[in-house]
2 protein chains.
Amino acid sequence: MFESAEIGHAIDDREYDKQVPALREALLDVQYELKQQQRFQVIVLINGIEGAGKGETVKLLNEWMDPRLIEVRTFDRPSDEELAHPPAWRYWRQLPAKGRMGVFFGNWYSQMIQNRVHGKIKDAALDQAINDAERLEQMLCDEGALIFKFWFHLSRKQMKKRLKALEDDPLHSWRISPLDWQQSKTYNRFVRFGERVLRRTSRDYAPWHVIEGVDANYRSLAVGNILLEGLRAALAQPAQTVHQAMAPLGASLDKRNLLDALDLSLALDKDDYKQRLVEEQARLATLLRDKRMRRHALVAAFEGNDAAGKGGAIRRVCAALDPRQYHIVPIAAPSEDERVQPYLWRFWRQIPPRGQFTIFDRTWYGRVLVERVEGFCSQSDWMRAYGEINDFEEQLTDAGVIVVKFWLAIDQHTQLERFKAREKTPFKRYKITEDDWRNREKWPAYREAVGDMVDRTSTEIAPWTLIEANDKHWARVKVLRTLNDAIEAAFKRDK
Amino acid sequence: MFESAEIGHAIDDREYDKQVPALREALLDVQYELKQQQRFQVIVLINGIEGAGKGETVKLLNEWMDPRLIEVRTFDRPSDEELAHPPAWRYWRQLPAKGRMGVFFGNWYSQMIQNRVHGKIKDAALDQAINDAERLEQMLCDEGALIFKFWFHLSRKQMKKRLKALEDDPLHSWRISPLDWQQSKTYNRFVRFGERVLRRTSRDYAPWHVIEGVDANYRSLAVGNILLEGLRAALAQPAQTVHQAMAPLGASLDKRNLLDALDLSLALDKDDYKQRLVEEQARLATLLRDKRMRRHALVAAFEGNDAAGKGGAIRRVCAALDPRQYHIVPIAAPSEDERVQPYLWRFWRQIPPRGQFTIFDRTWYGRVLVERVEGFCSQSDWMRAYGEINDFEEQLTDAGVIVVKFWLAIDQHTQLERFKAREKTPFKRYKITEDDWRNREKWPAYREAVGDMVDRTSTEIAPWTLIEANDKHWARVKVLRTLNDAIEAAFKRDK
């Protein structure tokens, strides 16, 4: 697929000088329009053959456009903080906000191709990396991001000539590292694996653009025009309207809701509770200070009906622990900085590094619960969220994060009793708001959303645990026991 | 000063159990009030003798209060990202937002005392660290933060007994590291230097509380009551009202404004400009890729009249560079996440690690410019900002960051011409807003603010460079030359 990029297109300087002013002005125009609309971000992935003009082209774009709205990132050697997190964390933390443009050198494609070329991974792992990249990009695009993927190409002969010229240029010689020269030897491998990657990852929503790198005028105009057209098309699309959603999932109409199977009468008497609670708390304390935890992080995700006792359960989990060992993240409506990012961004930010434990009080499942029921996002948004969330959790578990998810379930009668009690108790009055009463009216809608959620996101690697929470004692002990069992199971799998 | 903490106060369990329920409820109450008001954050510093109950007390506070609103942080060994930044960066990145509480173990006091005890620094460096801590705390408090400093104390005998008991307890033995035992040997030094630090850093706005650590009941109630009283007092204070400020600084009334001395007729003809620009750009490119840059970071701060040509100057700086070498941070009104932090927080976030170059398009000087003139902050706020900013920049330069600050000055007539031209040029129409016309009306007020700013923040380590910017050619070359000179001067100082 690279033959068409070895033809030797060239544009003479006169023609180039004629075209550039209008292109520049148009690019600036779309850039400011992007900023004004603040509806999506632009991600530009830069890949290809060494010496084919990657750096030069991006430098030129920064001259043509307003560099204050462009963030250029290079992903070289990961920092120790990055190494302690799942691999995608370093990309998430560098995502440009809506209205801005991020240019990624050394991105996921560079990593996978380099690894394959240098024999660090085999074909199966390359294909796995390809799949991961595709899912990431699809999700970003579904969230509105506009992705441009550029492959700068040179034939083997062209590359050798170019690298020789660069070597002789004192202003450029610093950029030719031994690795680059090595790459000249492995050109064939680089092209072979590059082609495999490009063929599999060129999609309508994020196609590859192969840029012939030999003539600077040609490649500059080509890249500029591709960006211009893509941006114009995206900016012209009507703003997505957010509808009152809550259409049921077809499949769930005639199937039993998993919540029906719960026996909410399960309970523990006080003595039994006290003893078991202390036992499980001691077990958790011991497990978390086990040396094997250094290879893992722990994420506990709490969801549940309002007044189901999430806060109380979280407190019982923490009671066993030194406060330096855990971090609680309460999730409310997203902040301004969070709203200009894909919805998973705010959770990626809070994923603990290896050895640490984070408790989410409400979670990324808000997308398929409150956002679905209240119509804060479109039906297609929450429908695709099931798969995106499964991907997200798979990335966590692949990196050694133990993910434990709880739904604390109570019945409507119990909720009413607890709401009333909260209104009466002075220091609990903060816990009950008008929203809570309003949500209660939507009980059936939430119930169906929970059923679908558990159905579609209870994976083997990150299963849901439904907690019968009418009895707080029972609920707290079951939460702790489940956490402990999950940690032990992870330790066993390590062997 | 620790004698009073070796008396042996004790509270029996019956008395303790009687007092705890009311204290808990009151603590929860103030905690929710803090969250509701979202007016300030609480920072709790935990220090003192090993084994005196630091961890246990914080654990208890997390049980008594709502742990979802508390962030416990331990500052152990810094990560490589932290090591590449000025020392305070790691604390800034962990500051709790307004409405929340942060508990800092291993904080700035722990670092300085440990370093002194183990002979890593001498008295002079300890005093320097004490001064740095004081300025940081004063600034945080002035920004509204409420700081509690606890020193948990034990006599030497009590400590030995306690450490022995902990060693024999299988549930606790994991926490006794060799270092802790070593500390038992160096108890005297620890107390001596601790006392020196406490004596010098106990201030009205952030006093030390020495807590007798031997009896758990006593120390728990003591800490709980101190927090409760402090929080209640702070919450009861009326919300700070922000006034229409713009009172002149007394000192500047009868002194010449430095801007008067500028010769705005300075200009370069086109040929001269082209040649010098290319020369300075090449010089910058060479300097930034010099190996000596690995020991430094570079920060270029751009301020100036509206339409003075900041954007154009920044573009000429970048034109010389690979876009992977710099990062431009445009500063606009603070976002929601930024508004719940001290005003310097958003700039600390963007300080580059060693080896990197960040350009701020408008800066932390907004505090003494737009915020002063428009009355977005109180007079006392912007008056104290001069000192705070000098401190901030000193911390940067101490860590090897080269700080170069530009004020681009034009006269009123030139500004008017440029505003008119912008309105006519299609792709520049985004650059001119109603705000710009409004700001223009306040020309004298801004002029005075700039005069005071330059006067008070042009330090030897981070001087202002006033740029005569009526002629864009002159301005751009002078900006580049100044940057280059500053880098060379830093390299020379390295020797």
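Hi everyone. What we have here is a predicted model, where local features need pLDDT of at least 70 and side-chain atom pairs count only at pLDDT 80 or more, while totals for chains, interfaces and linings use all residues. Residues are numbered from 1 along each chain as its sequence is written, with chains lettered from A and ligands numbered from 1 in the order in which they are written.

Let's start with chain A. It has 20 helices and 10 strands; these are DSSP runs, helices being H or I with at least four residues and strands E with at least two, numbered from the N terminus. Its C-alpha atoms fill a box of roughly 85 × 50 × 40 Å along the principal axes. Of its 495 residues, 39% are buried. A residue is buried if 20 or more other C-beta atoms, placed from the backbone, lie within 10 Å of its own, exposed if 12 or fewer, and partly exposed in between.

Now to chain B, and helix α10, residues 216-236. Its 21 residues reach 30 Å from first C-alpha to last, close to the 30 Å expected at 1.5 Å a residue (that is, 1.5 Å times one less than the number of residues). Which residues of α10(B) are buried? Among them are B:Y218, B:R219, B:G224 and B:L231. Their cover includes α1, α2 and the strands β1, β4 and β5 of chain B.

Next, a helix pair. Helices α12(B) and α20(B) pack at about 50°, with axes 9 Å apart. Axes are lines fitted to C-alpha atoms over the stretch in contact, and angles run from 0 to 180 degrees between N-to-C directions. The two are therefore oblique to each other; under 35 degrees would be roughly parallel, over 145 roughly antiparallel, and 65 to 115 roughly perpendicular, with the rest oblique. From α12(B), the contact is made by B:G312, B:A313, B:R316 and B:V317. Here, contact means C-beta atoms, placed from the backbone, within 7 Å.

Finally, where do the chains meet? In chain B, 36 residues are in contact with 35 residues of chain A. Which helix of chain B gives the most to that side? That is α2(B), with 5 residues. By class, this side of chain B has 15 nonpolar, 6 polar and 15 charged residues. Nonpolar covers Ala, Val, Leu, Ile, Met, Phe, Trp, Tyr, Cys and Pro; charged covers Asp, Glu, Lys and Arg; the others, Gly among them, are polar.

How values were computed:
Two residues are in contact if their C-beta atoms, placed from the backbone, lie within 7 Å.
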